[in-house]
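Reader: I'd like to go through the labels on this model and hear what backs each one up. Can we take them one at a time?

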Amino acid sequence: MKAVSARGLTKVFRGRRGQVRAVDGVSFTVEQGEIFGLLGPNGAGKTTTLRMLATLISPTEGTAEVMGYDILSAPQKVRARIGFLTTETGLYERLTPWETLLFFGRIFGYGPGEVEARAEATLRVLGLEGLKHRRVGTLSAGERQKLSLGRCLIHDPPVLILDEPTASLDVFVARTVTELIRRLRAEGHTILLSTHDLHLAERLCDRLGIIHRGRLVAVGSPEELGEEVGGVDFEEVFFRTLRRAGLSPMGANPVPGRAGEA
Ligand SMILES: Nc1ncnc2c1ncn2[C@@H]1O[C@H](COP(=O)(O)OP(=O)(O)OP(=O)(O)O)[C@@H](O)[C@H]1O
Ligand SMILES: [Mg+2]
């Protein structure tokens with residue numbers, strides 16, 4: 001079974017100035033236990049793709065399965081099997097990491113014993129045991145991002161969907177987060193992340209999908225993508241791949257000519 005299998009995922013947004021085909025017929029699979037990255041520039045359709053997979057918005061066309069469950073016909077089953085980290089994933093400043101994890105654990109309906117065991121296990125995975133009783137407001141950016149990941153881990157989901165997990169973090173903090181993501185892979189989680197960071201994508205991801213203007217233009221390991229276009233460094237690989245797909249690296253999504261949903 002694939003961890004994620006997307007088939008023709010499409011999202012058309014209708015706005016005042018016409019329609020935006022934000023995601024246009026995207027198909028890919030993520031193997032269990034791998035780190036798969038959606039790599040693309042601003043506005044490429046990464047967040048929209050991940051939000052459809054996380055069942056927060058419904059596709060205009062196409063569908064996907066997560067751990068064998070369809071996002072359209074079994075959204076509850078999908079939600080129980082994913083942790084979704086967004087760039088808006090917030091934390092309460094006045095709570096401690098321990099209280100934060102208990103709070104989110106209770107939302108999943110666990111009883112007191114179970115929720116404490118899960119919170120302990122999550123702190124251990126994150127390496128945050130020493131900060132258990134500090135206020136979140138006093139944590140560093142990296143510690144906060146780890147705790148935000150902890151929010152997504154409390155129900156021990158097999159699949160983690162991480163939207164820009166290192167965005168706006170400095171290089172040191174980003175490194176602690178990427179180390180944690182590798183550790184989560186080693187613990188058996190599947191990770192689907194989005195990024196516009198070429199170097200992060202190349203270093204961290206087992207396989208990548210390059211997305212631009214809503215379309216997935218290439219999928220493969222960083223090495224395979226490099227071999228395809230004969231690029232010297234990964235930045236060159238990225239731009240050559242886009243050019244080969246007939247896409248200029250600049251510019252917005254093309255405005256489509258057919259109806260979609262709002
Ligand atoms: N709710 C919405 N209504 C209208 N258009 C939207 C909506 N959400 C996204 N879009 C448009 O869809 C396109 C893809 O946006 P999306 O947020 O998926 O890109 P992204 O790859 O995550 O970009 P970024 O790197 O900037 O986060 C953009 O043109 C965006 O303006
Ligand atoms: Mg985004």
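Author: Here is a walk through the labels, with the cut-offs behind them.

Author: This is a predicted model, where local features need pLDDT of at least 70 and side-chain atom pairs count only at pLDDT 80 or more, while totals for chains, interfaces and linings use all residues. Residues are numbered from 1 along each chain as its sequence is written, chains are lettered from A and ligands numbered from 1 in the order in which they are written, and side-chain values use heavy atoms, with hydrogens and water left out.

Reader: What makes Phe 28 and Phe 36 an aromatic pair, and is it stacked or edge-to-face?

Author: Rings of Phe, Tyr and Trp (its six-membered ring) pair if their centres lie within 6.5 Å; planes under 30 degrees apart are stacked, over 60 edge-to-face, and the rest tilted. By this rule the count comes to five aromatic pairs. Phe 28 and Phe 36 have 5.1 Å centre to centre and 10° between the planes, so they pair and count as stacked.

Reader: And are Phe 28 and Phe 36 buried or exposed?

Author: Buried means under 20% relative accessible area, exposed over 50%, and partly exposed in between (1.4 Å probe, protein chains only). Phe 28 comes out at 5% and Phe 36 at 0%, so both are buried.

Reader: How do you know what kind of pair Tyr 92 and Phe 103 form?

Author: The centres of Tyr 92 and Phe 103 are 5.7 Å apart and the planes 75°, so the pair is edge-to-face. Tyr 92 is in the loop between β6 (82-85) and α3 (97-107), and Phe 103 is in helix α3, 11 residues away. (Helices are DSSP runs of H or I with at least four residues, strands are runs of E with at least two, and both are numbered from the N terminus.) With 46% for Tyr 92 and 34% for Phe 103, each counts as partly exposed. Ring pairs also link Tyr 92, Phe 103 and Phe 104 into a cluster.

Reader: Why is the contact between Arg 21 and Asp 24 called a salt bridge?

Author: The term needs a side-chain nitrogen of Lys or Arg within 4 Å of a carboxyl oxygen of Asp or Glu. The closest N and O atoms of Arg 21 and Asp 24 are 3.3 Å apart, so the label holds. Arg 21 is buried at 8%, while Asp 24 is partly exposed at 27%. The structure holds 10 salt bridges.

Reader: What do the salt bridges of Asp 206 with Arg 185 and Arg 244 with Glu 228 tie together?

Author: For Asp 206 and Arg 185, the closest N and O atoms are 2.8 Å apart. Asp 206 lies in the loop between α7 (198-204) and β9 (207-212) and Arg 185 in helix α6 (residues 171-186), so the bridge ties parts that are 21 residues apart in sequence. Arg 244 and Glu 228 meet at 2.7 Å, N to O. They join helix α9 (residues 234-244) to helix α8 (residues 222-229), 16 residues apart in sequence. At 57%, Arg 244 is exposed.

Reader: Which residues make polar contacts with ligand 1?

Author: A polar contact is a pair of N or O atoms within 3.5 Å. Among them are the Asn 42 side chain at 3.0 Å from a ligand 1 oxygen, a backbone N or O atom of Ala 44 at 3.1 Å and a polar side-chain atom of Thr 48 at 2.5 Å.

Reader: Which element gives the most to the shell around ligand 1?

Author: That is α1, with three residues.

How values were computed:
A polar contact is a pair of N or O atoms within 3.5 Å; within protein, one must be able to donate a hydrogen and the other to accept it, and residues adjacent in sequence count only if both atoms are side-chain atoms.
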